[in-house]
Amino acid sequence: MKPDPSSVLQTLFAVIEDRRENPTQRSYTTSLFQGGVAKIAKKIVEEAAEVNEAAEQTGDVGREHLAEEAADLVYHLLVMLAHRAVTLADVERVLEGRFGMSGIEEKESRSK
């Protein structure tokens with residue numbers, strides 16, 4: 001059964017956290033956890049580069065390619081968050097705190 005589109009990130013994150021707690025031998029997610037921050041970070045960098053490349057493509061094919069690469073990037077980011085025990089609620093709390101503030105103001109407030 002597929003998750004409701006409005007909760008797909010929460011469902012995916014729950015699966016990732018389950019792999020962290022219950023590793024299985026033939027799981028890509030488990031292999032990322034076993035490689036630690038270095039392995040997960042390497043994949044995030046690779047996927048971010050692929051997102052940039054896909055963003056240059058035009059038309060429907062380019063849009064689909066970008067969506068696929070973005071999904072790969074989000075997945076690997078979720079693995080990193082789970083590896084470091086950062087929850088989606090933690091990320092949402094930070095984002096929520098930024099509402100009502102321009103991006104420029106928010107960046108300036110971090111450097112003080």
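Author: An axis here is a line fitted to C-alpha atoms, for a helix over the stretch in contact, and angles run from 0 to 180 degrees between N-to-C directions. Contact means heavy atoms within 4.5 Å. The model is predicted: local features need pLDDT of at least 70, side-chain atom pairs count only at pLDDT 80 or more, and totals for chains, interfaces and linings use all residues. Residues are numbered from 1 along each chain as its sequence is written, and side-chain values use heavy atoms, with hydrogens and water left out.

Reader: How many helices and how many strands does the protein chain have?

Author: Helices (H or I, at least four residues) and strands (E, at least two) are DSSP runs, numbered from the N terminus. From the N terminus on, the elements run α-α-α-α-α. The count for the protein chain is therefore five helices and zero strands.

Reader: What percentage of the 112 residues in the protein chain is buried?

Author: Buried means under 20% relative accessible area, exposed means over 50%, and partly exposed lies in between (1.4 Å probe, protein chains only). The C-alpha trace of the protein chain spans about 45 × 40 × 30 Å along its principal axes. Of the 112 residues, the buried share is 21%.

Reader: Which residues does Leu 78 touch, not counting residues up to four places away in sequence?

Author: Leu 78 is one of the residues with the most contacts inside the largest nonpolar core. In soluble globular proteins, nonpolar side chains tend to be buried together. Beyond four places in sequence, Leu 78 touches Leu 9, Leu 12, Phe 13, Ile 16 and Leu 88.

Reader: What is the orientation of H1 and H2 to each other?

Author: Angles under 35 degrees count as roughly parallel, over 145 as roughly antiparallel, 65 to 115 as roughly perpendicular, and the rest as oblique. The axes of H1 and H2 are 9 Å apart, and the packing angle is about 60°. H1 and H2 are therefore oblique.

Reader: Which residues of H1 and H2 make the contact?

Author: The crossing of H1 and H2 is right-handed; a crossing is right-handed if the near helix is turned clockwise from the far one by less than a right angle, and left-handed if anticlockwise. The contact is made by Ile 16, Arg 19 and Arg 20 of H1 and, on the H2 side, by Thr 29, Thr 30 and Phe 33.

Reader: What is the orientation of H2 to H3?

Author: H2 passes H3 in a left-handed crossing. Their axes come within 8 Å and cross at roughly 150°. That makes the two helices roughly antiparallel.

Reader: How many nonpolar, polar and charged residues are in the contact of H1 with H3?

Author: Ala, Val, Leu, Ile, Met, Phe, Trp, Tyr, Cys and Pro count as nonpolar, Asp, Glu, Lys and Arg as charged, and the others, Gly among them, as polar. H1 and H3 pack at about 50° with axes 10 Å apart, which makes H1 oblique to H3. Among the residues in contact are Leu 9 and Glu 17 of H1 and Val 74 and Tyr 75 of H3. By class the contact has 10 nonpolar, no polar and two charged residues.

Reader: Is Glu 47 buried or exposed?

Author: Glu 47 is found in helix H2. Not counting residues up to four places away in sequence, Glu 47 touches Glu 69, Asp 72, Leu 73 and His 76. With a relative accessible area of 5%, Glu 47 is buried.

Reader: Is Ala 85 buried or exposed?

Author: Ala 85 lies in the loop between H3 and helix H4 (88–98). Although Ala 85 is not a glycine, it has a positive phi of about 60°. Its relative accessible area is 58%, so Ala 85 is exposed.

How values were computed. A nonpolar core is a set of buried Ala, Val, Leu, Ile, Met, Phe, Trp, Tyr and Cys residues joined through side-chain atoms within 4.5 Å.
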